[in-house]
Amino acid sequence: MDDWMLYQITEDPAYLRSFRVKRAVRAAAMGGSLGAIGVFSTALMSSSVTSKGLTGELMPRWIPRRAAGFGLLCGTISAVISWQNTAYLKDTFMLAPGVNSSRHESPEVSGGGASESGSTAGPGSGKGPVPTV
């Protein structure tokens, strides 16, 4: 089982944190590698090919440093964005159909069956739970 499933079962925040860290590291690796490849390929295309053909130096010495720096920057940005995008997962539980747990009910579901105007909530009214048969 992965950390997200264990968080769903146990509600232990350590599993959620582990899930978010793994997801951020994966995003950092992908974003950093794409950034480095982009800088590397762009620099090679613009520096080594001229109108006279290949220049004497196939790869300038500054390309690996610049690609590594930009890869680190892109990886950091990707990790931060991934970490922020998974913040909404706290207290989000996906329950199987038919599971009725009091700790997962929303306040409007446990608030009662009648609205303020005195009419009862029914199917399609948008107020309260749909009665089951």
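Mentor: A charge is said to sit over a ring if NZ of Lys or CZ of Arg is within 6 Å of the ring centre and within 35 degrees of the ring normal. Before we apply this, note that the model is predicted, with local features needing pLDDT of at least 70, side-chain atom pairs counting only at pLDDT 80 or more, and totals for chains, interfaces and linings using all residues. Residues are numbered from 1 along each chain as its sequence is written, and side-chain values use heavy atoms, leaving out hydrogens and water.

Trainee: Which residue lies over the face of Trp83?

Mentor: Arg20 does, at 3.9 Å from the centre of the ring.

Trainee: How should I read the secondary structure, and how many helices and strands does the chain have?

Mentor: Helices (H or I, at least four residues) and strands (E, at least two) are DSSP runs, numbered from the N terminus. Here the chain has 4 helices and 2 strands, and from the N terminus the order is α-α-β-β-α-α.

Trainee: Is Ser82 buried or exposed?

Mentor: Buried means under 20% relative accessible area, exposed over 50%, and partly exposed in between, with a 1.4 Å probe and protein chains only. Ser82, which lies in helix H3 (residues 62-85), counts as buried because its relative accessible area is 11%. Arg17, by contrast, belongs to helix H2 (residues 13-48) and counts as exposed because its relative accessibility is 56%.

Trainee: Which residues is Ser82 in contact with, leaving aside its neighbours within four places in sequence?

Mentor: Contact means heavy atoms within 4.5 Å, and on that basis Ser82 is in contact with Arg23, Ala24 and Ala27.
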